[in-house]
Each structure stands twice: as structure tokens, then as C-alpha cells.
Amino acid sequence: MEMSWIYQGKEFDEMSIPEGGVGFIYIMTAIIDGKSVAYIGKKNFYAKIKRPLGKKALAMSTDKRLKKYKYQLTPDFMRYYSSNAILKQAHKDGVVIKREILRICYSQTELTYQETKYQFVHEVLEKQEYLNANILGRFYKTL
């Protein structure tokens, strides 16, 4: 069963993205091997995908130095199940993962700051139930 994203108690999808929203801070929780685990991270609403130009567009171009591709923004967060390998595998194995949006951010800087803030506030490196191994690649979990 595929669980959708939850934000402020309601389902969240592509139509719910606020004007100017860049991404969000999330927490994913699941029960794996009888233990409750969680992961806090960030996710952009849109992926920037490189698409080649079609034959007509290439034929119209007179300058051969111009790019032969364009970028397209597509919402890709609905299929996202964390960057954590344990959660990814659990999803493949059919484990139900609760996906909750904690905060919506309106710039990349705010997104990184809020992710770091939530990870420190929730003490993801000190508590065993969190699967986060590090914060910003600078602070690591000691086992």
C-alpha cells in the first residue's frame, strides 16, 4: 500500500505545492524488525531534468554553439522514499512508511538551514531510533 505525504493532518500532492515553494523538511517513520525507526531529511518539490531538443528545434537553430538540450522542472517528490538505504529497502519489501512534511521552505538556503535545525532539535545523532548517520556531512553518529 502506497502512503501519500501528510502535511498538517491532510494529504499533500502536486496540487498542494504553495506558490514559490522550493521544498520541504520531512520525517519518515516505519516499523522495521519490530522497532520503530525514523529519518529526518529535506526534499525539493521539483527535479531539474535535462531533455534533448527535438529535430525541429535543432533545425531552426542557426548557431551551432547553442545548447542541444533544455531543462524541464517536474515534480518528483510523490515517489520519493528517502535517501536512506534502510528505508528504501523497507519500501521495496512492502513495509508501510509514514511520510510526513514538517515544514515547507521557500529557498534552498532555508531548506538546508531548517533540515539542520530539525535534525539537531530532534537529536537524530544521539537517539538510536533515528536512521540519520550524519548532519551536513560534518557531524556523525557515534555508535
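**View 1. Accessible surface of the predicted chain.** The chain exposes about 9,700 Å², of which carbon and sulfur atoms supply 54%; accessible areas come from the Shrake-Rupley method with a 1.4 Å probe, and for residues only the protein chains shown count as cover. Of the 143 residues in the chain, 34% are buried, that is, under 20% relative accessible area (1.4 Å probe, protein chains only). This is a predicted model, in which local features need pLDDT of at least 70, side-chain atom pairs count only at pLDDT 80 or more, and totals for chains, interfaces and linings use all residues. Residues are numbered from 1 along each chain as its sequence is written, and side-chain values use heavy atoms, with hydrogens and water left out.

**View 2. Secondary structure and overall dimensions.** Three helices and nine strands make up the secondary structure of the chain; these are DSSP runs (helices H or I, at least four residues; strands E, at least two), numbered from the N terminus. The chain is more spread out than a compact globule, because its radius of gyration is 19 Å, well over the 15 Å that the globule rule gives for 143 residues. The radius is taken over C-alpha atoms, and the rule is 2.2 Å times the number of residues to the power 0.38. Along the principal axes, the C-alpha atoms fill a box of roughly 60 × 35 × 30 Å.

**View 3. Surroundings of E115.** E115 belongs to helix α3, residues 108–121. Beyond its neighbours within four places in sequence, E115 is in contact with I25, I40, G41 and K42, contact being heavy atoms within 4.5 Å.

Definitions and conventions: Buried means under 20% relative accessible area, exposed over 50%, partly exposed in between (1.4 Å probe, protein chains only).
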